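Please read the following note beside the coordinates. It takes up helix packing, then individual residues, then the chain as a whole.

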Amino acid sequence: MSQPQLAGHPYQALAASIAKKIDSGELKPGEKLPSVRGLAKEQGVSPMTAQKALTQLADDGYAEVVAGLGYFITQPQPQSQDELDPIQAVHRQIDALQAAIADIAQRVERLEGRSD
């Protein structure tokens with residue numbers, strides 16, 4: 001998950017503050033986040049700022065919205081091996097390309113053999 005930005009707009013700071021609580025384990029996956037109005041009142045911000053913060057958390061993978069029920073903290077997604085080691089990802093892509101080229105070469109050889 002990408003960390004929301006701290007600078008800029010108040011909603012970004014609010015989203016970052018909530019994300020930090022999620023990362024620290026203070027807020028747990030499956031927990032319901034406050035409603036837009038509840039968050040606005042709790043944090044002393046406008047409902048628009050609270051809505052943007054919740055939307056930012058959802059965009060960044062920290063929360064999901066369930067229609068009619070609100071925002072819930074999501075289970076953190078483990079980073080893929082490609083995110084952890086981009087060089088390994090490139091090697092896997094090269095291996096896949098080499099296998100594809102070898103397959104194409106075999107097909108061409110068979111087609112050329114048939115036309116003789």
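**Note on the predicted model**

1. In the contact between the helices α1 and α3, Pro-10, Tyr-11, Leu-14, Ala-15, Ile-18 and Ala-19 of α1 meet Thr-49, Ala-50, Lys-52, Ala-53, Gln-56 and Leu-57 of α3; contact means heavy atoms within 4.5 Å. By class, the residues of this contact are nine nonpolar, two polar and one charged. Ala, Val, Leu, Ile, Met, Phe, Trp, Tyr, Cys and Pro count as nonpolar, Asp, Glu, Lys and Arg as charged, and the others, Gly among them, as polar.

2. On the basis of the note: this is a predicted model, in which local features need pLDDT of at least 70 and side-chain atom pairs count only at pLDDT 80 or more, while totals for chains, interfaces and linings use all residues. Residues are numbered from 1 along each chain as its sequence is written, and side-chain values use heavy atoms, with hydrogens and water left out.

3. The axes of α1 (residues 10-24) and α3 (residues 47-59) come within 8 Å and cross at roughly 50°. That angle makes α1 oblique to α3. Axes are lines fitted to C-alpha atoms, for helices over the stretch in contact, and angles run from 0 to 180 degrees between N-to-C directions. Angles under 35 degrees count as roughly parallel, over 145 as roughly antiparallel, 65 to 115 as roughly perpendicular and the rest as oblique. The crossing of α1 and α3 is right-handed, a term used if the near helix is turned clockwise from the far one by less than a right angle, with anticlockwise giving left-handed.

4. Helix α3 also packs with α2 (residues 36-43): the two axes come within 8 Å and cross at roughly 115°. The helices α2 and α3 are therefore roughly perpendicular to each other. Their crossing is right-handed. Val-36, Leu-39 and Ala-40 of α2 make the contact with Pro-47, Ala-50, Gln-51 and Leu-54 of α3. This contact of α2 with α3 has six nonpolar residues, one polar and no charged ones.

5. Ile-18 lies in helix α1 and is buried, with a relative accessible area of 8%. Buried means under 20% relative accessible area, exposed over 50%, and partly exposed in between (1.4 Å probe, protein chains only). Ile-18 and Leu-54 are 36 residues apart in sequence, and their C-alpha atoms are 9.1 Å apart in space.

6. Tyr-71 has its place in strand β2 and is buried at a relative accessible area of 12%. Not counting residues up to four places away in sequence, Tyr-71 touches Glu-31, Lys-32, Leu-33, Gln-51, Leu-54, Thr-55, Ala-58, Ala-63, Glu-64 and Val-65.

7. Thr-74 is found in the loop between β2 (70-73) and α4 (81-84). Is Thr-74 buried or exposed? Thr-74 is buried, with a relative accessible area of 14%. Apart from neighbours within four places in sequence, Thr-74 is in contact with Pro-29, Gly-61, Tyr-62, Ala-63 and Glu-64.

8. His-9 is found in the segment before α1 and counts as partly exposed, at 48% relative accessibility. The C-alpha atoms of His-9 and Thr-49 are separated by 8.7 Å, although the residues are 40 apart along the chain.

9. For the chain as a whole, the secondary structure comes to five helices and two strands, in the order α-α-α-β-β-α-α from the N terminus. Helices (H or I, at least four residues) and strands (E, at least two) are DSSP runs, numbered from the N terminus. Of the 116 residues, 24% count as buried. Among contacts between residues at least 6 apart in sequence, 48% join residues at least 24 apart. The protein chain exposes about 8,300 Å², of which carbon and sulfur atoms supply 56%. Accessible areas come from the Shrake-Rupley method with a 1.4 Å probe; for residues, only the protein chains shown count as cover.
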